[in-house]
Amino acid sequence: MPMKITQEIRDNTVILTLDGELDASSSVILDEELSDPEIMKYTMVLVNCQNLNYISSAGLGVFISHLQRFEDAQIRLIFYNMQDKVRNVFEILGLDLLMTIVSDYEEARSIANE
Amino acid sequence: MLKAGRETSYSAVANQKTDTRFMLYKNNAKTLLATTTVVSWLLLLVYVLLTAESKQAGSNAPGFAYPFISNLLIVIFIVSVFLFQRLHTEMLKGVDFIGYLWNLFSKAGVAAYLSVALYLVYRVYINYIDEQYTLLLHVVYQINFGLLVLFLAKAFYIWRQLLLHHKNKFLQIAWDWFELLLGGILLLTLFNFKYTSYVFLPLLALMGFYILFLCTNLKWVAYLTFSNKSRSLVLLGAILLSCYIFIRFFYNMADNEQLTVDYTDVGFLLLAMLFVGLYTLAAFLVSLFSLPTSSVFEQKSEDLLNFQRLSLSIQQGQSEAQVYDMLVDSTIKASDASAAWFEVIRNSDPQVTHLLNITEAQVKSIRHLLQAYNIHNMDYINNNLGRNPGFRGLGLPWKSMAILPIKSTKHLSGVLYLLKDVEGGFDHETVNVLRTFTSQTTLTIENLRLISESLQNERYKEELKIATQVQESLNPKTFPTDSWFEISTHSVAAKEVGGDFYDFLQLSESRIAIIIGDVSGKGISAAFHMAQMKGIFHGLMQQDMAPSEFMKQANSALSRCLERTSFITSSLYIIDYRMKGFMFARAGHCHTLYYNSMMDDVFYFKTDGLGLGILRDDKAYAGHIREMYYDYNPGDVMVIYTDGIVEARNLQNEEYGEDRLLYMLKQTYHLEADDIKYAIINDVNDFTGPDNVYDDQTLLVIKFRPTQQNI
């Protein structure tokens with residue numbers, strides 16, 4: 001099943017919705033999406049993981065590689081609606097302590113507004 | 001086997017024998033026929049001279065006139081000459097039609113000129129001595145008769161050879177009947193029938209039609225090239241002239257009162273001459289009228305030949321450049337183009353490799369124009385360039401142009417440009433032929449590329465095989481066997497090389513360090529990082545440090561050499577058998593599964609720990625790594641693995657999962673380490689189905705033994 005990524009802009013926020021499996025091939029598309037210089041104009045990147053069924057190490061690598069860059073530019077990267085098994089992968093790797101993973105969109109927004 | 005071999009060799013010998021016997025028979029027959037020919041002709045001459053002598057002596061002494069004898073001798077002579085030629089021409093083979101014609105002319109056609117020369121000499125001589133010399137006339141007449149029969153026989157059988165070229169069964173039968181009928185007519189002569197009598201006239205007429213039918217079989221003419229046709233016209237004309245000379249000579253002589261024999265009475269000769277003459281005439285006319293079209297056929301057959309050369313070029317191992325040479329050559333010939341150039345496209349940059357009657361500057365100006373119209377590198381035919389103002393502006397002499405790209409579905413390898421100085425130069429027919437050439441070239445080029453690619457792939461495969469072997473040798477095959485613990489390992493890579501690894505290092509007599517890890521990604525890049533990590537493990541652990549300290553230093557080292565998107569997960573265990581405990585740190589690696597025999601419980605050590613190479617700041621990373629110490633009991637089992645095990649999927653896309661792994665250990669902890677490992681691996685394979693490994697899988701099972709054995 002190929003990955004589908006949709007981008008939505010709300011105010012100062014970019015919302016990426018991931019649909020499908022984030023494996024070695026689809027992570028290239030994600031990398032392109034996150035490397036877009038346009039994204040640096042916003043203060044928030046929210047990632048909707050509701051339909052993200054699987055994430056491979058290559059997919060994690062893409063987020064990790066952009067993590068530092070976003071932090072330096074003071075852009076907040078927030079994941080929400082994450083499925084348990086995907087969250088487990090983040091947790092095992094220890095990424096849950098580095099990245100912000102919240103339960104839903106409202107929570108993500110409230111964090112953003114802090 | 002041996003027997004069969006011997007049998008075939010016997011039959012081969014037998015064949016050879018019959019062959020030589022046949023050859024011998026043929027040679028004997030030819031000698032016999034030649035002798036018969038000479039003897040019968042001499043006898044005929046003697047007979048004729050005797051008859052003439054007796055006629056001269058006085059008409060009242062007709063004692064020496066036996067027409068039967070002369071007819072018999074004539075028939076014998078004719079039959080032996082024809083049979084001789086029949087045997088002789090059978091040896092001629094092949095499709096060298098000009099050779100046949102030359103053979104016919106040089107060996108038989110000249111006979112007519114000889115005969116005419118002979119007769120002229122006779123006439124001059126007669127005039128000179130000014131006296132009738134009948135006997136000499138007889139001799140000349142007889143010699144000419146011999147030459148005529150020779151000519152007819154030779155021509156008859158050479159025409160047979162050509163007439164039956166590409167024969168079918170019907171034609172062969174028709175010919176055989178023709179020969180039989182002619183033979184029958186020869187018999188009429190024997191019995192001195194007058195063929196001109198009314199009874200035989202219809203038969204003769206029928207034979208005439210039969211001959212006309214046979215004369216329509218001229219397939220061989222089509223195979224002559226233009227120059228061959230012109231040469232054959234000369235030869236055929238000369239042969240026709242021979243026929244004419246003979247006919248004239250014998251019809252003139254027929255009225256000569258002095259002669260005793262009139263060969264125009266021999267119906268066979270008439271028919272044979274009719275056949276030879278008509279067939280020669282037909283061949284002459286057909287050659288003459290097909291002369292203007294022969295260049296078309298030549299072109300077609302050359303196209304065909306070039307086409308064949310193009311398709312054969314792969315087998316002959318030719319290079320792309322040679323194929324393009326052939327293409328340019330063939331298409332210029334096929335279209336009769338007055339100018340042409342060919343560009344090879346390398347990295348979407350055209351390079352002109354072939355130029356014909358056009359300069360680089362002209363090519364450049366035309367290409368600029370085409371680019372302006374956006375029709376470069378496209379299949380494009382323009383038969384009226386003069387109507388285009390842009391092209392007219394260039395002031396070039398050409399009036400039609402064809403652009404033919406060498407293009408497969410995804411790759412443009414070259415473009416061919418053909419120019420002609422006439423309008424409408426590239427008609428439908430020509431363009432079709434040109435397209436056939438270009439599509440064949442495309443196919444050939446594509447195939448050449450595929451072949452070289454497959455060779456390259458073969459080399460890569462060999463390299464990968466070596467990489468697989470190297471990597472396999474990196475994983476330790478044997479752990480130190482000791483009485484206090486047993487260990488069993490399993491490791492498979494999803495591809496030729498993988499990113500999973502495990503290793504150990506004996507730190508001291510009672511302490512051993514065991515590491516397991518997984519590099520993000522798969523394949524070659526993962527394999528490189530895995531080897532790097534092993535180097536870091538051996539380098540750092542020489543200094544004997546705590547697991548958490550190792551992880552910090554490893555993270556620092558990897559941060560400097562790992563690309564941003566890569567990371568490594570790892571767990572390091574230092575087992576101290578004297579203290580009966582182990583220390584470990586987890587850097588983002590899968591949780592360790594553990595069976596505690598004292599509590600009879602199976603659980604995961606759920607500790608925190610960040611993967612290596614994610615946080616590249618040493619101080620920041622230090623806060624993300626935990627160390628844990630655990631006392632083990634004899635009978636405890638530790639299961640260490642990579643995510644390839646728990647994330648193994650079945651056909652329904654479900655993951656194997658930590659719970660099922662935990663359940664497996666619950667069922668098997670009482671077994672030996674090896675058996676626990678096999679049980680888990682079998683269960684994973686049952687779950688995924690056969691040959692369904694998508695990620696590298698590594699599994700280590702460590703079982704602690706009761707210590708009393710050691711004491």
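## The sheet of chain B

In what order do the five strands of the open sheet in chain B stand? In this predicted model, the order is E2-E1-E5-E4-E3, and the strands pair in the antiparallel sense. The edges of the sheet are held by strand E2 (349-356) and strand E3 (380-382) of chain B. Each of these two has a single partner strand, so one side of each is left without a neighbour in the sheet. On average, neighbouring strands are turned by 15° against each other, direction ignored.

Let us look at one pair within the sheet. Strand E4 (residues 400-407) and strand E5 (residues 412-420) of chain B are joined in the antiparallel sense over eight bridges. Ile403(B) stands opposite Tyr417(B), a residue of E5(B). Strands of a sheet pair through backbone hydrogen bonds, either parallel or antiparallel.

Which strands does helix H10 of chain B lie across? This helix, residues 320-335, lies across strand E1 (339-346), E2 and E5 of chain B, and runs at about 25° to E5(B).

After H11(B) comes Asn374(B), with a positive phi near 60°.

## A pair of crossing helices

Two packed helices are described by the angle between their axes and the distance between the axes. For helix H14 (residues 523-541) and helix H15 (residues 547-561) of chain B, the axes come within 10 Å and cross at roughly 140°. An angle over 145 degrees would count as roughly antiparallel; H14(B) and H15(B) are therefore oblique to each other. Their crossing is right-handed.

On the H14(B) side, the contact is made by Gln532(B), Ile536(B), Leu540(B) and Met541(B). From H15(B) they meet Phe550(B), Gln553(B), Ala554(B), Ala557(B) and Cys561(B). By class, the residues of this contact divide into seven nonpolar, two polar and no charged.

## Where chain A meets chain B

How many residues of chain A are in contact with chain B? There are 14, and they touch 18 residues of chain B. On the chain A side, helix H2 (57-72) and helix H3 (84-93) are the elements that give two or more residues. H2(A) gives the most, with seven residues.

What classes of residue make up the side of chain A that touches chain B? That side has nine nonpolar, four polar and one charged residues.

Definitions and conventions: Residues numbered from 1 in each chain as written. Chains lettered and ligands numbered in written order. Predicted model: local features only at pLDDT ≥ 70, side-chain atom pairs only at ≥ 80, totals over all residues. Pairing = 2+ DSSP bridges. Helix = DSSP H or I, 4+ residues; strand = E, 2+ residues; numbered from the N terminus. Axes fitted to C-alpha atoms, helices over the stretch in contact; angles between N-to-C directions. Contact = placed C-beta atoms within 7 Å. Parallel < 35°, antiparallel > 145°, perpendicular 65-115°, else oblique. Left-handed = near helix turned anticlockwise from the far one by under 90°. Nonpolar A, V, L, I, M, F, W, Y, C, P; charged D, E, K, R; others polar.
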